[in-house]
Amino acid sequence: MKKTAQDIFKGFVSLLTGMGITLRQFFKPVITEQYPHTTPQLPTRFRGHIELVRDKDTGMSTCIACLACQKACPSDCIVVNGIKKEGEKKKSVTEYLMDFNKCSLCGACIEVCPTDALQFSQTYNLAGTDKNQFHMDLMKRLQQQNSRDAKLLPAQTAAAVPVPAASEAPAPAATVPPTQQEPLK
Amino acid sequence: MTIPEPYRLLIFLGGMLGFLGANAAYLVYCERKGAGRFQRRSGPTEVGFQGLLQPIADGIKLLSKQVMVPPGADSVLFRLAPLLVLAPAMMGLAILPFGQQIIGRPINVGLLMLFSFGSINVMAIMVGGWASRNKYAIISAARVVSQNVAYEIPMLFVAITMVMITGTMNLEVIVEQQAGGFWNWNLFKVWVNPLMPVTFIIFYICMLAETNRAPFDMAEAESELVAGAFTEYAGMGFGVFFMGEYANIVVGSALATVLFLGGWQSPIGILPGVWWFFLKMYALIFTVIWVRWTFPRTQFYGLLNLSWKILIPVSLFTLILTAALMKVF
């Protein structure tokens, strides 16, 4: 009898404790990200698709077209072409095509790169209606990033960041990747 | 100010329907907002400012859907069941004293009438589940009946206790007896019966079970029974069931307010009136939502155990204790 009464009382107190916990949650701020209205702040180690690292001084890629990434890729989704320019010791990249349909984001290309010319991008708005959208031309992406920065900061960066001439980056076969779209506001 | 009798009733009828409709629509909204807040989400935000037009959008959606009677179902009972859920709740509003003057029809057996109409709710869900010709609906109907038989008993014990203490079934008189500060509310009348707060908690738990609210929503148990008795209902048939559920919550909370929290009496002696009534009533309704989003659904035998092994003995004990104390003093 006494034990039963104690059990009932304890059970009731535990119910009240639970209600207290939920009430505390009630008054805490909402943690939902209203995604299309606000875009999330991504962690720095977010794994988007790969992109070429921009050299701060030249605005160009540091890729030396050694093809290590192409060989390291387990999914065969990278195609790199490079030429050896006059007066330079190393080769430089002319074409960097990546088929994101096949990519498994393993990062083997980034690890193997001797010049640290690759990184994961922060792009995540990657819905598309056509798989051709995901044949990405990373050289073109780099160019677009350069020209966008040139537009944003015309005074300081326009001179410092030379926009690569058309001959250096041949017209890509792939369409513009959807990664360039601005997130919805 | 007195309004001649037929007009007063018409005004009251219109007001009651409006009150019930607005409550059903916006309690769903509050429920969703509340659920969101308890889970640190924001609830509906898209339709209108802060989602305030969401109930209207939901209503239009439900109205635009076809009400289909499944083949082989009893079409008369199938159509009747939603109305049977809603109508008794509306009857309850006619006799509840919202304020000193705001009462549709004061009758001196109001409490009895509320309980008798409250039981129709159970029958309506049973009829709906039975008429659907759906196995989940029938299981749900069976559960509703056994659950409500179990919870009606402690609720009526509490009601008898209250009638013994107040000596009347007239809800207006019960409210008037609780005048003059919150220590005169029945909830705190520990000198009449030291177990008064326990009685209130029993009443509240039974109210949750009678209205089929979580954690006692056996009638709807989505995880086991699709949507229970409402499985086959589409469009406004389902909508009316929903309205009925919220109307029953409103009536249950209002009754708890009248019986235990002093109705329209002010707790501190100022401003008695309808606003205090609504404040208390909505506090109880908020607690209903709060409980729903805190506790998981009980298992069915757990639910029956709670009633038969705890609530009925305790409520019977308070009843006998009250009787003994009244006889002694």
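Student: Where in chain B does B:Val226 sit?

Tutor: B:Val226 lies in the loop between helix 8 (222-225) and helix 9 (235-260) of chain B. Helices here are DSSP runs of H or I with at least four residues and strands are runs of E with at least two, numbered from the N terminus. The model is predicted, so local features need pLDDT of at least 70 and side-chain atom pairs count only at pLDDT 80 or more, while totals for chains, interfaces and linings use all residues. Residues are numbered from 1 along each chain as its sequence is written, with chains lettered from A and ligands numbered from 1 in the order in which they are written.

Student: Why is B:Val226 called partly exposed?

Tutor: Count the other C-beta atoms within 10 Å, placed from the backbone: 20 or more means buried, 12 or fewer exposed, and anything in between partly exposed. B:Val226 has 16, so it is partly exposed.

Student: Which residues does B:Val226 contact, leaving aside its neighbours within four places in sequence?

Tutor: They are B:Tyr136 and B:Thr231. In contact means that the C-beta atoms, placed from the backbone, lie within 7 Å.

Student: Which elements pack against the buried residues of helix 1 of chain B?

Tutor: Helix 1 (2-26) of chain A does, along with helix 2 (54-63), helix 3 (75-95), helix 9 and helix 10 of chain B. The buried residues of helix 1 of chain B include B:Leu20, B:Leu27 and B:Tyr29.

Student: And how many residues does each chain bring to the contact between chain B and chain A?

Tutor: Ten from chain B touch eleven from chain A. The chain B side has five nonpolar, two polar and three charged residues. Nonpolar covers Ala, Val, Leu, Ile, Met, Phe, Trp, Tyr, Cys and Pro, charged covers Asp, Glu, Lys and Arg, and the others, Gly among them, are polar.

Student: What is the crossing angle of helix 5 and helix 7 of chain B?

Tutor: The axes of helix 5 (residues 135-166) and helix 7 (residues 196-210) of chain B cross at roughly 145° and come within 9 Å. Axes are lines fitted to C-alpha atoms, for helices over the stretch in contact, and angles between N-to-C directions run from 0 to 180 degrees. Residues that meet there include B:Tyr151 and B:Met155 from helix 5, and B:Ile202 and B:Phe203 from helix 7 of chain B.

Student: How do you know that strand 2 and strand 3 of chain A pair?

Tutor: Pairing needs at least two bridges found by DSSP. Seven bridges join strand 2 (residues 78-84) of chain A to strand 3 (residues 91-99) of chain A, and the two run antiparallel. Among the bridge partners, A:Gly82 goes with A:Val93 and A:Lys84 with A:Lys91. These strands form a hairpin with six residues between them, and A:Gly87 in the turn has a positive phi of about 80°.

Student: What is the strand order of the open sheet in chain A?

Tutor: The order of this three-stranded antiparallel sheet is 2-3-5. Strand 2 and strand 5 (135-137) of chain A are its edges, each pairing on one side only.

Definitions and conventions. Two residues are in contact if their C-beta atoms, placed from the backbone, lie within 7 Å.
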